[in-house]
Number of protein chains: 4
Amino acid sequence: MIDVIRVAHGVFYVTDLARSKDFYVNLLGLNVLHETPGAVYLRGVEDREWTLKLELAPEAGVKHLAYRVRSEADLEELVRLAERQGLPHRWESELDRPRMLRLQDPFGLPVAFYHESKTHKWLLQDYHVHRGPGLQRIDHVNVMSPDVEGTMNWYLRELGFRLSEYTEGEDGSVWAAWIQRRGGVHDLALTNGVGPRLHHFAYWMPDALSIIRACDILAGARQPERIERGPGRHGISNAFFVYVRDPDGHRIELYTSDYITVDPDFEPIRWMRDDPRRQTLWGAKTPKSWFEEGSLLEAFDGGWVKPREGALQGMPVHVI
Amino acid sequence: MIDVIRVAHGVFYVTDLARSKDFYVNLLGLNVLHETPGAVYLRGVEDREWTLKLELAPEAGVKHLAYRVRSEADLEELVRLAERQGLPHRWESELDRPRMLRLQDPFGLPVAFYHESKTHKWLLQDYHVHRGPGLQRIDHVNVMSPDVEGTMNWYLRELGFRLSEYTEGEDGSVWAAWIQRRGGVHDLALTNGVGPRLHHFAYWMPDALSIIRACDILAGARQPERIERGPGRHGISNAFFVYVRDPDGHRIELYTSDYITVDPDFEPIRWMRDDPRRQTLWGAKTPKSWFEEGSLLEAFDGGWVKPREGALQGMPVHVI
Amino acid sequence: MIDVIRVAHGVFYVTDLARSKDFYVNLLGLNVLHETPGAVYLRGVEDREWTLKLELAPEAGVKHLAYRVRSEADLEELVRLAERQGLPHRWESELDRPRMLRLQDPFGLPVAFYHESKTHKWLLQDYHVHRGPGLQRIDHVNVMSPDVEGTMNWYLRELGFRLSEYTEGEDGSVWAAWIQRRGGVHDLALTNGVGPRLHHFAYWMPDALSIIRACDILAGARQPERIERGPGRHGISNAFFVYVRDPDGHRIELYTSDYITVDPDFEPIRWMRDDPRRQTLWGAKTPKSWFEEGSLLEAFDGGWVKPREGALQGMPVHVI
Amino acid sequence: MIDVIRVAHGVFYVTDLARSKDFYVNLLGLNVLHETPGAVYLRGVEDREWTLKLELAPEAGVKHLAYRVRSEADLEELVRLAERQGLPHRWESELDRPRMLRLQDPFGLPVAFYHESKTHKWLLQDYHVHRGPGLQRIDHVNVMSPDVEGTMNWYLRELGFRLSEYTEGEDGSVWAAWIQRRGGVHDLALTNGVGPRLHHFAYWMPDALSIIRACDILAGARQPERIERGPGRHGISNAFFVYVRDPDGHRIELYTSDYITVDPDFEPIRWMRDDPRRQTLWGAKTPKSWFEEGSLLEAFDGGWVKPREGALQGMPVHVI
């Protein structure tokens, strides 16, 4: 079985690198690990690798999302999987990651896998250089999908993900799924919507106060409108959260305090779609933009993966 | 000059004493100081007196709001003020407060003043008996008024209140005012609206996390709908806040982290009515109920003070 | 390979059950899952099982420490390991855990392994019933050992533990080791000392403020002397911590905010024994009791495992 | 009566301005309001004035501690007091404070009083420029005195200070006193010891976590030894605190969460000298340096006020 360790990075296309860097570095407090004329490589204070690359491009979007695997042999097995299933794939590289297998999953997501990575001294105990809210480490990615159930099943079956929580419609259809490899709540969430598109990219925060500090900093900088939703607490995952939008509209979740899922008899938690506690154990109603907007994903041969509507229509309750 | 020390208590009429007690004591964690068949007397952990009395009544409303004065002589001076201005007044008493002067201010608010009070050992350092979010002490009251400017001027002129912040319309009219005696941001806030009615009654919280804990507890008890607005940060007062509604709809603010105003050259802070930072430095939009709903105030001779519309019409921005 | 999931429970002998229950339940806020005339079964709010059993006994000590394994087959493999290595072992049971393999490891530790467990609805989102500092879940155990290196090697080799951090003397000897199965910093720590004895049993806390609240509560209850060390921050694990002693002297650590260790190229972190940052990134000096005192462990055939001095002598710096 | 508003600033002589600035600005996160070749003027984010001046000098010490008064008339009254009591006094000025009356109190303390002050836009809501632990505002000063009772009585009688808490020896002698003008716990604390010397200078912190962050930052910068005592909670004042020492040994307290003292019947809280809860409601024992070391105060005609031993000898319990 392919041994995926964890979600590991994202590459975002941004249209104004200086403006984006200002947002991620000066306001959110991510740390620059590398910088080139066309790209900035960022990480949280616990990350030993870069976890978010901002790449200058004419249009905003997401180049790919990446997972780390246990060994090179896992990459070979992924090649065989891609060949067997006819998934477009090729070898690529990024700075510090010389050998990445990029493939397009059956649902159109551009995903990359790598084993080898140059790691760097972390900043976790260099508290004197932490800035702003102090984003700690990559936590998960969330993808909007017109076929949550199919996508979920593929990741569970082919890549060994495990289900921690899911949302069901009244007819038993799966509206959303939280799946993981790392023993936490999720590496990847799939939520029903026009897609595939990236819904959000999430960093783990040291505590709830650091999330409040992020809000204070955005307000101090006269950019409170970058806060799209929250802070509040999710029913699903139990996390305390806030969602912010970067200057290109990419959505970042600051996330803390979920739980562990390592037990062999862990029972995935089921939520009904119209249970208001699901999305918001407490907190303000969710704006429509949060359900409707997402980042385009790069297609295997260039251009964007064209978002499709799925079969499941409708909007949960507790929306403005 | 009459020497008002601080806002000191409120008396709420509630229609189901057990249900209200459950809310205030079991969820918010206020502490019972006295209990009689028809009333419960509550306080925060720092309060040495009861600061909120719940009194069983056929209809919900507010009996009066009370201020503590420095001496009995201040009460005598208040009597002379009431006589001079023709304000209805009489001597009343409450438990622990044998001699309270109740009067109706020129704008219809039922206010009581007292000097003598039986104080009790506080609970501040008895951390082992603190419960829930740990409300700490009474902080302020907020009254909706059809004549903010007139009411403000009367409290400044006759009772020596000082202005800390205020909201102006484009024509220079005063939409809201925060006035104080205690060296903090406010003992009394006045906000434009159909009134006079009580907008909210506020307790000081030890920190922002205790406010998040209050939200968690309400959600745990399956009553997240009691959270009407927030958490968020006010521009005015800089406080981190949440507003909750009790079973009768009385609005309680949990409030923390404002600033001190003791300097002789302190300049009241002016906000423009349509500055969205004013109400919400950051946070979700404010629901209409927050602007429209309030608690009725008891009239001097019984019944309710009839709320009136004021001259200033319209709603601030940043409202749902 | 035997698949150990995580450290899963401890059974403490206590000499006054009511007094111990008062400490763990009323002060620390652990939750009673079961209660019998001679025992109380406790858990944190995230635990779906009991994680600490207090059992009335004439003398204080530790009956065993337990790990959960992935399947019954892992238990069979453990039997074969025990037979191969001549380790005393037998089947035992505890409430909710009908089939536990108890064995004595080669160094004298009484350890139990189980797969089957009756789980219960957690309390994580029932915030209205959380009490006190709100201990969240079992995190790890720490054992004082006269042969850290040997013990560590056995757990790494036979049970597949992975090393996250370790302390070296100047001669390359291993003074302490943090080893894990769950992807965190440790399930089991081994520290040089007269042993084997239990050094401490640790619960994960939601945040640093909850640890401060634990201190406040102990002080409120006039038992501040139960706080033996901290709060402070460890260099090792980066955790914010406090150590408290129960009425029988069993040591409990309240612990939060370490990091994840899942990466395949994770490099165990080495600390030199006399680096003061190792134990205390910052914080007061450590009292001698913390190095010298521990809980006795029950021998396989009754009585206590007799503690032995190890070859490594001396005390780290930064001790009072 | 002279109307003192609050403690308002301190002027510290430091021997290496760059090194001190690094400590106060880069580690503690105080904000530079002015800078000259020989001095740096600092403030917290809420302060509208500078509250700590660092002045380059050959020897470390304290030039003076200053209080703000309500009006120029209060300064004239202070002159009359000084003349009446034969206290050395003269007019001085500091940047932004053109007219300061400096006098030496009867016990040798150099104190300055001013009314006029140039205020500046505060930084409270400019959260994006807050750095490090975010010191908020000046809170109080603490002076070691060989005659606590005499000094206390002079400040109460001549300057209208009010007593909030005090420590008594078994014979009724006053070992320490907390006195205030601002409605909080203290503007000035007096503690028994070789003096007069400055014991510490304190800033208000937004919450307990910001104090922990200060410790983390000092540890990150490899200067954990600057933390002399704490964090912990005082019985007196109920504050959560930490004490740090600057590069010249001046002691700074980071302090949060005390209570208000405005009530007319507020009863000063009495503590017995050997009640361990007094200094440390909970926390590690206090190092001797905390009792023995302090900053020299500048004498009226230059040089240092020579510290004297007082009549009260001995050390409280709970000391290392």
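Which backbone oxygen does the side chain of B:Arg43 reach? The side chain gets to the backbone oxygen of B:Asp47, at 3.0 Å. Keep in mind that this is a predicted model.

- You'll find B:Arg43 in chain B, within strand S3, which covers residues 39-43.
- B:Arg43 is buried, yet no salt bridge goes with it.
- The nearest side chain of opposite charge belongs to B:Asp47, and that one is 7.1 Å away.

**Where chain C meets chain A**

- Each partner brings residues to this contact: 34 from chain C and 34 from chain A.
- Together, chain C and chain A bury about 2,700 Å², and carbon and sulfur atoms give 52% of that.
- Three residues stand out on the chain C side: C:Gln125, C:Ile260 and C:Pro264 supply 21% of the area that chain C buries against chain A, more than any other three residues.
- Six salt bridges are found across the interface of chain C and chain A.
- As one example of a salt bridge, the side chains of C:Asp265 and A:Arg68 meet at 2.6 Å, N to O.
- Polar contacts show up too, with 16 residue pairs across the interface of chain C and chain A.
- On chain C, the elements that give two or more residues to the side touching chain A are strand S1 (4-14), strand S5 (61-69) and strand S17 (269-272).
- Sorted by class, that side of chain C has 13 nonpolar, eight polar and 13 charged residues.

**Where chain B meets chain C**

- Here 13 residues of chain B are in contact with 13 residues of chain C.
- The area buried between chain B and chain C comes to about 1,000 Å², with 58% of it on carbon and sulfur atoms.
- B:Tyr127, B:His128 and B:Leu209 supply 41% of what chain B buries against chain C, more than any other three residues.
- Two salt bridges are counted between chain B and chain C.
- The side chains of B:Asp126 and C:Arg222 meet in a salt bridge, at 2.9 Å from N to O.
- Four residue pairs are in polar contact between chain B and chain C.
- Helix H4 of chain B (residues 208-220) gives the largest share of the side that touches chain C, namely five residues.
- By class, that side of chain B divides into five nonpolar, three polar and five charged residues.

**D:Asp263, a loop residue**

- D:Asp263 sits in the loop of chain D between strand S16 (251-256) and strand S17 (269-272).
- Why does D:Asp263 count as buried? Its relative accessibility is 18%, and buried means under 20%.
- Leaving out neighbours within four places in sequence, D:Asp263 is in contact with B:Ile5, B:Arg6 and B:Arg68.
- From C-alpha to C-alpha, D:Asp263 and D:His186 are 15 Å apart in space, and 77 residues separate them in sequence.

Technical notes. Residues are numbered from 1 along each chain as its sequence is written. Chains are lettered from A and ligands numbered from 1 in the order in which they are written. This is a predicted model: local features need pLDDT of at least 70, side-chain atom pairs count only at pLDDT 80 or more; totals for chains, interfaces and linings use all residues. Side-chain values use heavy atoms; hydrogens and water are left out. Helices (H or I, at least four residues) and strands (E, at least two) are DSSP runs, numbered from the N terminus. Buried means under 20% relative accessible area, exposed over 50%, partly exposed in between (1.4 Å probe, protein chains only). Lys and Arg count as positive and Asp and Glu as negative; His and the chain ends are not counted. A salt bridge is a side-chain nitrogen of Lys or Arg within 4 Å of a carboxyl oxygen of Asp or Glu. A polar contact is a pair of N or O atoms within 3.5 Å; within protein, one must be able to donate a hydrogen and the other to accept it, and residues adjacent in sequence count only if both atoms are side-chain atoms. Contact means heavy atoms within 4.5 Å. Buried area is the accessible area (1.4 Å probe) that two parts lose on being put together, summed over both. Ala, Val, Leu, Ile, Met, Phe, Trp, Tyr, Cys and Pro count as nonpolar, Asp, Glu, Lys and Arg as charged, and the others, Gly among them, as polar.
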